[in-house]
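Please look through the following report with the sequence and the structure side by side.

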Amino acid sequence: MPPARQSAVVSRSFGRAVTSRAELEEALAAFTHRAAEKIRAEGLAACYIQAYAHTNRFAEPETRYAGQAGTALVEPTAEAGLLIGEVKALLDRFWRPGLGFAKAGVMLAGLVPEERAMGSLFGRSAPERDKAKRLMAAMDALNARMGRDTLKPLAAGLGKPWQGK
């Protein structure tokens, strides 16, 4: 039996420099959605999330930048909506206007089996967690039947102008 997964990372290099915060936010949301799909497929939930982005490492030193931020989650989750909300808040901590980002990514870590994930006193109620779990299961089933990204959070964007190389 293979060892349990410790983390899930989704990162991409962009086809062109991403200078708009909205585009970077959309890309990070799409990566978060994909990472959440990966861990749900293995019956896992994340306790920690990290987002990062960097400019071209071969650019002039004054335009070179690598930023990242991470946070522990209130309760373990694999729900795309909650994770995307966290990523948007993390982006506030490392966004720098005027730069052209070349690559970005999201890492979900501290993975635990979903059935062993403890709720939090400050988290959602059990009925709310169950409702979210059913919604994610329905989304995953539809995407498995109709093709990836048939159904996805709107934050992940409709078109992908930042699409990877």
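## Confidence along the chain

The model shown here is predicted, and among the elements of the protein the mean pLDDT is highest in β4, at 97, and lowest in α3, at 79. For the protein as a whole the mean pLDDT is 87, and 89% of the residues reach 70 or more.

## Overall layout

Of the 165 residues in the protein, 37% are buried.

Where along the sequence do the partners in a contact lie? If we take the contacts between residues at least 6 apart in sequence, 80% of these contacts join residues that are at least 24 apart.

In soluble globular proteins, nonpolar side chains tend to be buried together. The largest nonpolar core of this model has 34 residues, and the members that touch the most other members are Phe14, Leu24, Leu28, Phe31, Ile39, Ile49 and Leu108. Two or more residues of this core come from each of the strands β1 (7–18), β2 (44–55), β3 (66–77) and β4 (101–109), and also from each of the helices α1 (21–41), α2 (80–94) and α3 (126–146). The largest share belongs to α1, which gives seven residues to the core.

## How α1 and α2 pack

Two packed helices are described by the angle between their axes and the distance between the axes. Here the axes of α1 and α2 come within 9 Å and cross at roughly 140 degrees. Because angles over 145 degrees count as roughly antiparallel and those of 65 to 115 as roughly perpendicular, α1 is oblique to α2. The crossing of these two helices, α1 and α2, is right-handed.

The side of the meeting that belongs to α1 is made up of Arg21, Leu24, Glu25, Leu28, Ala29, Thr32, His33, Ala36 and Arg40, while α2 brings Ala80, Leu83, Ile84, Val87, Lys88, Leu91, Asp92 and Phe94.

## Two residues in detail

Leu83 lies in helix α2. Is Leu83 buried or exposed? Its relative accessible area is 0%, and because buried means under 20%, Leu83 counts as buried. Apart from its neighbours within four places in sequence, Leu83 is in contact with Thr32, Ala36, Ile49, Leu73, Thr77, Ala78 and Leu108.

Arg5 is found in the segment before β1, and with a relative accessible area of 29% Arg5 is partly exposed. When its neighbours within four places in sequence are left aside, Arg5 is in contact with Glu42, Leu44 and Leu111. The C-alpha atoms of Arg5 and Ala109 are separated by 9.1 Å, although these residues are 104 residues apart along the chain.

Notes:
Residues numbered from 1 in each chain as written. Heavy atoms only, no water. Core = buried A, V, L, I, M, F, W, Y, C linked by side-chain atoms within 4.5 Å. Buried < 20%, exposed > 50% of the residue type's maximum accessible area, 1.4 Å probe, protein only. Helix = DSSP H or I, 4+ residues; strand = E, 2+ residues; numbered from the N terminus. pLDDT = per-residue confidence, 0-100. Axes fitted to C-alpha atoms, helices over the stretch in contact; angles between N-to-C directions. Parallel < 35°, antiparallel > 145°, perpendicular 65-115°, else oblique. Left-handed = near helix turned anticlockwise from the far one by under 90°. Contact = heavy atoms within 4.5 Å.
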